[in-house]
Amino acid sequence: GVQVPNDSGVPDNIYTGGIYYERIGSNKWLMMFMVVQKIKVFLEFISTEHPTAIKDQIIRFSFIDSNTGYIELFLHDSDICHGWYIEPHMEPLKLMKRDADLFGSNQLPIPPSCLVTIWADLSCNPKRRLRHPVTLTGIDCNTRKIYISRF
């Protein structure tokens, strides 16, 4: 079909997903993966609510199913680096298109997000930086895998 731009000039079927990290301890971070369509509202939210958050990977995509669409993140447990721990705050790590559509309204003033706590156990002497694969499903995008990265 024809893609009609919204007020930001982005076609209505294009969404943005992004990873942000916020330090919550000396060796502990909160990873936030958020999905939005309203970029301006989202950037205002981040600067106000998470001013110390560090931006990482950003992807643009459309949902495979335009009615009941979702994006799901799959962590690969077998690939965790020695001395690093990754704990999702919910399972499955799945965000719905309908929630991304509602973000910025009175019904959903915060962006839909998947939260993951990451920490290094310094007593284990982590040998290398964390570069942990996360597979994405439910979306139409050239990017099929992103990485959780910490030093």
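A disulfide is counted here as a pair of cysteine sulfur atoms within 2.5 Å, and by that criterion the structure holds zero disulfides. The sulfur of Cys114 lies 16 Å from the closest cysteine sulfur, that of Cys141, which is too far for a bond. Cys114 is buried, with a relative accessible area of 0%, and Cys141 is buried as well, at 11%, where buried means under 20% relative accessible area, exposed means over 50%, and partly exposed lies in between, for a 1.4 Å probe and protein chains only.

The model is predicted, so that local features need pLDDT of at least 70 and side-chain atom pairs count only at pLDDT 80 or more, whereas totals for chains, interfaces and linings use all residues. Residues are numbered from 1 along each chain as its sequence is written, and side-chain values use heavy atoms, with hydrogens and water left out.

The strands can be followed next; helices (H or I, at least four residues) and strands (E, at least two) are DSSP runs numbered from the N terminus, and two strands pair if DSSP finds at least two bridges between them. Six strands make up an open sheet in the order S5-S7-S2-S1-S3-S9, with antiparallel pairing. S5 and strand S9 (139-140) stand at the edges with a single partner strand each, so one side of each has no neighbour in the sheet.

Within this sheet, strand S1 (residues 15-25) is joined to strand S3 (residues 54-63) by six bridges, the two running antiparallel, and Thr16 stands opposite Arg60 in S3. Nine bridges, again in an antiparallel arrangement, join S1 to strand S2 (residues 28-36); here Arg23 stands opposite Trp29 in S2, and the two strands form a hairpin with two residues between them. S1 is mostly covered, since eight of its eleven residues are buried.

From the sheet we turn to open space. On a 1 Å grid over the protein atoms alone, a cavity is a set of points where a 1.4 Å probe fits but cannot get out, while a pocket is an open set with protein on both sides within 12 Å along at least five of seven lines, and lining residues have an atom within 4 Å of a point. The largest pocket holds about 170 Å³ of space, a volume being the space filled by probe spheres set on the points, which are joined across faces, edges and corners. The elements that give two or more residues to its lining are strand S4 (70-75) and strand S5 (84-88), and S4 supplies the largest share, four residues.

Among the residues lining this pocket are Phe74, Ile86, Glu91 and Pro92. The lining divides into nine nonpolar, no polar and three charged residues, where Ala, Val, Leu, Ile, Met, Phe, Trp, Tyr, Cys and Pro count as nonpolar, Asp, Glu, Lys and Arg as charged, and the others, Gly among them, as polar. A cis peptide bond, with omega about 0°, joins Glu91 and Pro92, and Pro92 lies in the loop between S5 and strand S6 (93-96). Most peptide bonds are trans.

The structure holds one salt bridge, defined as a side-chain nitrogen of Lys or Arg within 4 Å of a carboxyl oxygen of Asp or Glu. The side chains of Asp101 and Lys97 meet in it at 2.8 Å, N to O. Because these two residues are four apart in helix H2 (residues 97-102), about one helical turn separates them. Asp101 counts as partly exposed at 28% relative accessibility, whereas Lys97 is buried at 14%.
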